[in-house]
Amino acid sequence: LTSLDSDMNPIFALEMGADDYILKTTPPAVLLARLRLHLRQYSTQPATQAAPEAPSVQAQVQVHKTLHFGLLCIDPVNREVTLAEENIVLSTADFDLLWQLATHAGHTMDRDLLLKNLRGVSYDGMDRSIDVAISRLRKKLHDNALEPFRIKTVRNKGYLFAPNAWESATP
């Protein structure tokens with residue numbers, strides 16, 4: 001549901017996997033009819049296309065486990081981050097990016113994997129949004145802007161969350 005009514009917007013949205021494209025100017029009765037259509041389509045799908053199985057109890061517990069790296073604490077349940085007892089305010093996107101990196105601490109994550117995990121899209125070679133988000137995250141987490149040592153750039157590979165670089169509050 002959008003107010004963007006350019007001719008290309010529905011094309012882009014549908015090409016990227018949207019099931020429908022509805023303008024906010026759509027009458028409520030039409031909107032309701034389209035919603036009912038989508039509900040019918042999803043309720044009559046064969047069992048092989050049913051929703052994926054829920055993760056096991058062990059996986060659910062693991063997802064909600066607070067991560068600690070020296071003075072850095074990442075609480076996914078409350079979506080809170082603290083560094084040396086200072087509350088770090090992160091946007092939803094920044095928190096999700098930090099969580100992706102921290103849960104893969106010590107492993108290099110490339111842009112394509114980060115984009116797929118965070119937005120469900122593939123890296124096209126031109127998108128610099130991950131780079132900008134990493135820069136913003138580094139600043140909020142007091143990483144050295146010129147020579148980052150907490151969230152490192154691994155040239156031609158991606159980004160590395162250094163698990164042992166969080167012993168002090170400032171670089």
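View 1. The 4 strands line up in the order 1-2-3-4, and the pairing is antiparallel. Two strands count as paired here if DSSP finds at least two bridges between them. At the edges sit strand 1 (67-69) and strand 4 (86-88), each pairing on one side only. Neighbouring strands of this sheet are turned by 20 degrees against each other on average, direction ignored. For angles like this one, axes are lines fitted to C-alpha atoms (for helices, over the stretch in contact), and values run from 0 to 180 degrees between N-to-C directions. Before going on, some housekeeping: this is a predicted model, where local features need pLDDT of at least 70 and side-chain atom pairs count only at pLDDT 80 or more, while totals for chains, interfaces and linings use all residues. Residues are numbered from 1 along each chain as its sequence is written, and side-chain values use heavy atoms, with hydrogens and water left out.

**View 2. The whole chain, for orientation.** The protein chain holds 6 helices and 7 strands; both are DSSP runs numbered from the N terminus (helices H or I, at least four residues; strands E, at least two). Along the sequence the pattern reads α-α-α-β-β-β-β-α-β-α-α-β-β. Of the 171 residues, 26% count as buried, where buried means under 20% relative accessible area, exposed over 50%, and partly exposed in between (1.4 Å probe, protein chains only). Among contacts with a separation of 6 or more, 40% come from residues 24 or more positions apart; a contact means heavy atoms within 4.5 Å. The chain exposes about 11,700 Å², with carbon and sulfur atoms supplying 55% of it. That area comes from the Shrake-Rupley method with a 1.4 Å probe.

**View 3. Strand 1 and strand 2 form a hairpin.** Here 3 bridges join the two strands, which run antiparallel. Leucine 67 has isoleucine 74 of strand 2 as its bridge partner. There are 2 residues between the strands of this hairpin, and glycine 70 takes a positive phi near 60 degrees.

View 4. Strand 2 (residues 72-75) and strand 3 (residues 80-83) run antiparallel and are joined by 4 bridges. Leucine 72 has leucine 83 as its bridge partner, and cysteine 73 stands opposite threonine 82. Leu72 and Ile74 point one way from strand 2, Cys73 and Asp75 point the other way, and all are buried. The hairpin has 4 residues between its strands, and arginine 79 sits in the turn with a positive phi of about 50 degrees, although it is not a glycine. At 40% relative accessibility, arginine 79 counts as partly exposed.

**View 5. Alanine 84 in the next loop.** Alanine 84 is found in the loop between strand 3 and strand 4. Its phi is near 55 degrees, a positive value in a residue other than glycine. With a relative accessible area of 33%, alanine 84 is partly exposed.

**View 6. Helix 4 lies across strands of both sheets.** Helix 4 (residues 92-102) lies across strand 1, strand 2 and strand 3, running at about 110 degrees to strand 2. Helix 4 also lies across strand 5, strand 6 and strand 7, at about 75 degrees to strand 7.

View 7. The 3 strands come in the order 5-7-6, with antiparallel pairing. Strand 5 (108-109) and strand 6 are the edge strands, each pairing on one side only. Strand 6 and strand 7 run antiparallel and are joined by 4 bridges. Isoleucine 151 stands opposite phenylalanine 161 in strand 7.

**View 8. Helix 6 and its buried face.** The 12 residues of helix 6 (residues 129-140) should span 16 Å at 1.5 Å a residue, and the end C-alpha atoms are 17 Å apart, which agrees. The expected span is 1.5 Å times one less than the number of residues. Buried in this helix are Ile130, Asp131, Ala133, Ile134, Leu137 and Arg138. The buried residues pack against helix 4, helix 5 (111-119), strand 6 (151-154) and strand 7 (158-161). Histidine 142 follows helix 6 and has a positive phi, near 60 degrees.
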